[in-house]
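Subject: Structure handover

Hello,

Here is the structure for you to open. Please keep it on screen while you read the notes below.

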Amino acid sequence: MEKNEIFETEIVDMTEDGEGIGKVDGFTVFIKDTVIGDHVEAKLIKSKKTYGYGRLVKVLSPSAFRVEPTCPVAAPCGGCQLQAMSYESQLKFKESRVRGHLERIGRFTDIPMEPIIGMEGEPLRYRNKAQFPVGKSKDGQIITGFYAGRTHSIIPVEDCLLGMPVNRQVTKIVTEFMEKYHIEPYNEETHRGLVRHILVRCGFHTGQVMVCLVINGTKLPRHEELVKCLSEAVPGLVSVSLNVNREKTNAILGRELINLYGHGYLEDMIGDVRFRISPLSFFQVNPVQTEKLYGKALEFAGLSGGEIVWDLYCGIGTISLFLAKKAKQVYGVEIIPAAIENAKENARLNHMDNAEFFVGKAEEVLPEKYAQSGGTMAADVIVVDPPRKGCDEALLDTMVKMAPKRIVYVSCNSATLARDLRFLCDRGYELMRVQACDMFPMSVHTETVVLLGNQKADSYVERSLDMKD
Ligand code: SAH
């Protein structure tokens with residue numbers, strides 16, 4: 001196909017980024033703003049050998065899954081990709097993508113997949129955290145919002161419908177404060193200016209609010225005044241801090257925190273466990289679905305009170321402490337020191353003395369401890385919850401050597417999940433249960449929790465078969 005050619009096609013699938021996929025005589029075209037089932041007219045804007053990118057000209061006949069997006073900036077904003085799809089079809093799409101990855105990348109057949117757990121009620125306003133980039137509009141006004149898809153130009157968004165209503169209040173106060181004192185937003189191209197991002201986190205059960213300004217420097221002029229405005233206007237405000245990020249990087253947060261107000265953390269509950277969370281620590285963003293996901297992880301772990309459990313990539317100890325209630329001993333490993341500080345505090349806060357935490361890379365800490373024990377260190381259950389790139393082979397190798405009866409794999413990327421499951425299943429494990437859970441409605445992301453059983457531990461296989469009945 002030639003550039004600028006106008007063509008018609010049916011959208012048959014969607015990419016990781018939510019672009020529709022059409023086929024024209026075996027040639028694949030990616031077209032933004034389309035939905036599976038749309039019949040569209042499009043213009044080819046970029047052409048490679050076997051694929052190209054098209055721009056939507058007209059929807060000739062809309063997909064049965066199409067709905068009117070609730071958010072006025074749904075199309076330009078890169079935050080959501082699936083708003084034009086009904087929630088039911090979003091769930092189907094996500095479930096089939098997880099299955100597809102397990103089949104294609106993991107080469108699994110007869111996948112024991114349970115129906116995806118979607119959100120009940122309206123799947124909006126679910127996020128407890130927002131990170132708004134700060135910039136300038138063409139006419140010089142300070143704006144906050146989200147990046148447009150694939151670029152870093154900021155689409156101004158006053159009220160993101162996935163976020164908490166308090167975000168709007170916070171971003172308004174910060175931008176007015178910046179205008180008043182001529183504080184410049186950060187400019188990625190020149191690497192100048194001060195304020196990069198505004199991070200707001202809310203405690204879903206506690207109503208506490210934390211604000212953190214990411215700055216290209218170490219001082220915020222007149223910060224006492226900002227703290228005063230925020231504390232007067234924002235109910236539940238418990239923490240205001242600065243995060244120093246002076247690097248030329250896409251990473252939002254730097255390592256250093258400067259506390260301006262409060263104790264430097266916010267508290268929230270998951271089930272009946274209380275957690276302290278620093279701005280640097282990972283915490284699941286959808287509190288309603290998190291309880292369901294961790295509930296499944298706990299169920300899959302099949303604990304009866306006597307088990308030794310390792311929770312790798314443990315963050316602030318969320319899954320660890322959830323499991324510690326039902327296990328003999330839990331060990332957590334996490335790379336971010338501030339998160340491990342939180343994890344230790346959280347164990348104390350909840351009077352749990354059977355959880356111990358280590359800072360470091362999971363792929364280094366576990367192999368080292370295993371080697372130090374002379375190969376005797378064992379676990380009944382190992383839980384992993386890695387970032388998108390999945391687990392390192394050095395870690396998977398050690399897990400296989402430790403031969404736990406059960407492995408519970410929590411994943412935010414089903415492609416790397418499928419790769420890692422194949423590795424484990426080629427070495428004695430078996431896929432027992434697969435559960436997708438929608439933590440991120442309107443976006444393309446899905447969380448999945450998987451139970452693997454050790455084929456060599458016969459007694460276990462019998463027990464888990466009973467469990468399935
Ligand atoms: N289980 C936690 C956190 C999961 S997110 C929860 O549910 O809240 C993944 C975590 O892995 C993050 O906290 C991240 O800081 C951490 N991490 C990333 N790479 C790591 C590595 N190589 N070793 C250990 N932890 C790592």
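**Tyr186 and its surroundings**

Leaving aside neighbours within four places in sequence, Tyr186 is in contact (heavy atoms within 4.5 Å) with Val134, His191, Arg192, Gly193, Leu194, Val195, Arg196, Asn216 and Glu247. This is a predicted model: local features need pLDDT of at least 70, side-chain atom pairs count only at pLDDT 80 or more, and totals for chains, interfaces and linings use all residues. Residues are numbered from 1 along each chain as its sequence is written, and side-chain values use heavy atoms, with hydrogens and water left out.

Tyr186 sits in the loop between helix 2 (166–180) and strand 10. Helices (H or I, at least four residues) and strands (E, at least two) are DSSP runs, numbered from the N terminus. Tyr186 counts as buried because its relative accessibility is 11%. The cut-offs are these: buried is under 20% relative accessible area, exposed is over 50%, and partly exposed is in between (1.4 Å probe, protein chains only). Lys136 is 50 residues from Tyr186 in sequence. In space the two are 9.0 Å apart, C-alpha to C-alpha.

**Two further buried residues**

His197 belongs to strand 10 (residues 195–202). Its relative accessibility is 7%, so His197 counts as buried. Not counting residues up to four places away in sequence, His197 touches Gln131, Phe132, Pro133, Val134, Tyr147, Cys212, Leu213, Val214 and Ile252.

Val285 is in the loop between strand 15 (273–277) and helix 4 (287–301). It counts as buried because its relative accessibility is 9%. With neighbours within four places in sequence left aside, Val285 contacts Tyr126, Arg127, Asn128, Lys129 and Phe440. Val227 is 58 residues from Val285 along the chain, and their C-alpha atoms are separated by 25 Å.

**Domains and cores**

The domain assignment (bounds from an automatic or database assignment) gives domain 1 (6–61), domain 2 (67–126 + 286–469) and domain 3 (129–270). The centres of domain 1 and domain 3, taken over C-alpha atoms, are 37 Å apart.

Next, the nonpolar cores. Such a core is a set of buried Ala, Val, Leu, Ile, Met, Phe, Trp, Tyr and Cys residues joined through side-chain atoms within 4.5 Å. The largest has 129 residues. Which of them touch the most other members? They are Leu213, Trp310, Leu312 and Val408. Domain 2 and domain 3 each supply at least three residues to this core. Another core, of nine residues, lies apart from it and includes Val24, Phe27, Val29 and Val40.

Not counting residues up to four places away in sequence, Leu312 touches Val333, Ala362, Leu366, Ile382, Val383, Val384, Asp385, Leu395 and Met399.

**Helix packing**

Two packed helices are described by the angle between their axes and the distance between the axes. Axes are lines fitted to C-alpha atoms, for helices over the stretch in contact, and angles run from 0 to 180 degrees between N-to-C directions. A crossing is left-handed if the near helix is turned anticlockwise from the far one by less than a right angle, and right-handed if clockwise.

- Helix 7 (residues 362–372) and helix 8 (residues 393–402): the angle is about 35 degrees and the axes are 8 Å apart. The crossing is left-handed. Ala362, Glu363, Leu366, Pro367 and Tyr370 in helix 7 meet Ala394, Leu395, Thr398, Met399, Lys401 and Met402 in helix 8. By class, that is eight nonpolar, one polar and two charged. Ala, Val, Leu, Ile, Met, Phe, Trp, Tyr, Cys and Pro count as nonpolar, Asp, Glu, Lys and Arg as charged, and the others, Gly among them, as polar.
- Helix 1 (residues 87–104) and helix 9 (residues 414–425): the axes come within 8 Å and cross at roughly 35 degrees. This crossing is right-handed. Helix 1 brings Arg97, Val98, His101 and Leu102, and helix 9 brings Ser414, Ala415, Ala418 and Leu421.

**Positive phi**

Most residues other than glycine have a negative phi. Asp110 has a positive phi, near 45 degrees. Asp110 lies in the loop between helix 1 and strand 6 (113–117). It counts as exposed because its relative accessibility is 76%. Arg125 also has a positive phi, near 55 degrees.

Best wishes
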